[in-house]
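Hi there,

Here is the structure I promised to pass on to you. Please open it beside this email and follow along as you read.

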Amino acid sequence: MIEHMTIHSRGFNKVYFDKLKDDTALQIFFGGSSSGKSVFLAQRCVIDVMQGNRNYLCVRNVKATIRNSMFNEILKAIVQFKAMADFKINRSDLVITCQNGYQILFAGLDDVEKIKSISPALEMITDIWVEEATEIMPNDLKQLQRRLRGHTKYSKRVTMSFNPILQSHWIFKKYFGKWEEGMKQYIGDGLSILKTTYKDNKFLDVGDIKLLEDETDKYYRDVYTLGNWGVLGSVIFKNWEVRDLHNEFVNINGKQTCIIDTFDNYKNGLDFGFSIDPNAMIRTHFDKKHKTIYVVDELYEREMTNDVLAEVLKPIIGKEYIYCDNSDPRSITDLRQSGIQSLATKKGKDSINFGIDWLLRQHIIIDIRCQNFKNEIQQYKWKEDKDGNALRVPVDKNNHLLDAIRYAYESESMYGDVKAVRAFY
Ligand SMILES: Nc1ncnc2c1ncn2[C@@H]1O[C@H](COP(=O)(O)OP(=O)(O)OP(=O)(O)O)[C@@H](O)[C@H]1O
Ligand SMILES: [Mg+2]
């Protein structure tokens, strides 16, 4: 135990306090957005590791999403406890080592080899925290649980945190059999479930609370304000599937070639953001003949200035064109001056619905690494009237990469199909 840890109960939300010492083998923290789940689990992780005998493996479905979520959250907890001097932080390998030798390790499920071989400097992993666990598949969880097998006198735990995005999700089917509406907590059979909402988080300011309370869309209100399992009514896109494109091969002149290496018709799009909205870039290949779009790469980053954005984009898109949101001409110019072939979209009346209609007529194949795009497309929905009928207006939420893909195909959708263009003008 490190003696000088600065931990005051006032730094915690009360609802989670009992969970600091909960040894249940499988723990679920779910509920509305901004309910304090991630901050608490990061705090618990740091405390556990500082107390010794516990090593953490922090997991998300895709490695690229870790640094800006759980890794940062854990750094913030270390700062909150004024424990910076007790930790060595290796930012490039994503390894945090406490001076007592115990560690916090991070891995994406897309890094299969790392997951298999990862082992802490001392003893073994006792805790696995899966953040945004609705992103993972049941078999992934099984593999992770298997990871904890082995002898140690300390309890071993898997903790999952997430928003309850869809009642049809396997997590709901598998673990919520005894869960009833109105419950806040369930404990039994090696499973503990805690539901929280923004009301459990004393650290929110009035602006944050107002945004959640003002939500008018029923689905978004259920899931993100009230923390209830969502039932998605008028979902827009069903014409997509997720595949592991890096491990898909085609026969070219007798040679097995990764399908991505055969792509030659790239269409890129970019939606600008900074603090609240992210910069969202999508890179796709268009197989026009088969009306198929392959989503190959994405970027989804907040607080990124245009010069940094240009540097990040260069190795990904090189000299390819990228269609950008025309409402930010200054950023488009910045990128062009940094060597990116950025072009402004034209937009125009009804361009959103027009773009959506065109995308609905294609088949969309998403590489498994493009987690943010998958998250967006699966929840993109039409607004509904009070009887639940779909209106022809998409809910303007969680649609940054979806905007980017519309931009990428603006000219294709407007001018590629002459009949459609006539209908448009
Ligand atoms: N213990 C805490 N101390 C200080 N601030 C906190 C604490 N817990 C939560 N907050 C504040 O509340 C915000 C929301 O908390 P957090 O990100 O943990 O919510 P969440 O339940 O993980 O939300 P989401 O479902 O959207 O991921 C944090 O960004 C932080 O500003
Ligand atoms: Mg969170």
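Below is what turned up in it, sheet by sheet, and then around the ligand.

One thing to keep in mind from the start: this is a predicted model.

**The nine-stranded sheet**

Let's begin with the open sheet of nine strands, whose pairing is mixed. If you trace across it, the order is β3-β4-β5-β2-β6-β7-β1-β9-β8. Which strands stand at the edges? They are β3 (87-90) and β8 (185-188), and each has a single partner strand, so one side of each has no neighbour in the sheet. On average, neighbouring strands here are turned by 15° against each other, direction ignored.

Now look for helix α1, residues 37-51. It lies across β1 (26-31), β2 (56-60), β3, β4, β5, β6 (127-131), β7 (157-162) and β9 (191-196), and runs at about 150° to β1.

**The seven-stranded sheet**

There is also an open sheet of seven strands, again with mixed pairing, in the order β10-β18-β15-β14-β13-β16-β17. Its edge strands are β10 (240-243) and β17 (341-344), each of which pairs on one side only. From one strand to the next, the twist averages 30°.

At one end of that order, β16 (residues 321-324) pairs with β17 in the parallel sense, over four bridges. Within this pair, Tyr323 stands opposite Leu343 of β17.

Helix α12 (residues 400-408) lies across β13, β14 (279-287), β15 (292-301) and β16, running at about 135° to β13.

**Around ligand 1**

How many residues surround ligand 1? There are 15, and the closest are Gly11, Ser34, Lys37, Ser38 and Asn163. By type, the shell divides into three nonpolar residues, 11 polar and one charged.

Some polar contacts to look up:

- Asn13 has a polar side-chain atom 3.4 Å from a nitrogen atom of ligand 1.
- Val39 uses its backbone: an N or O atom there lies 2.9 Å from an oxygen atom of ligand 1.
- Gln43 has a polar side-chain atom 3.3 Å from a nitrogen atom of ligand 1.

On its own, ligand 1 has 630 Å² of accessible area, and the protein covers 72% of that.

Enjoy exploring, and write back whenever you like!

Best wishes

Key. Residues are numbered from 1 along each chain as its sequence is written. Chains are lettered from A and ligands numbered from 1 in the order in which they are written. This is a predicted model: local features need pLDDT of at least 70, side-chain atom pairs count only at pLDDT 80 or more; totals for chains, interfaces and linings use all residues. Side-chain values use heavy atoms; hydrogens and water are left out. Two strands pair if DSSP finds at least two bridges between them. Helices (H or I, at least four residues) and strands (E, at least two) are DSSP runs, numbered from the N terminus. Axes are lines fitted to C-alpha atoms, for helices over the stretch in contact, and angles run from 0 to 180 degrees between N-to-C directions. Contact means heavy atoms within 4.5 Å. A residue is near a molecule or strand if one of its heavy atoms lies within 4 Å of it. A polar contact is a pair of N or O atoms within 3.5 Å; within protein, one must be able to donate a hydrogen and the other to accept it, and residues adjacent in sequence count only if both atoms are side-chain atoms. Accessible areas come from the Shrake-Rupley method with a 1.4 Å probe; for residues, only the protein chains shown count as cover. Ala, Val, Leu, Ile, Met, Phe, Trp, Tyr, Cys and Pro count as nonpolar, Asp, Glu, Lys and Arg as charged, and the others, Gly among them, as polar.
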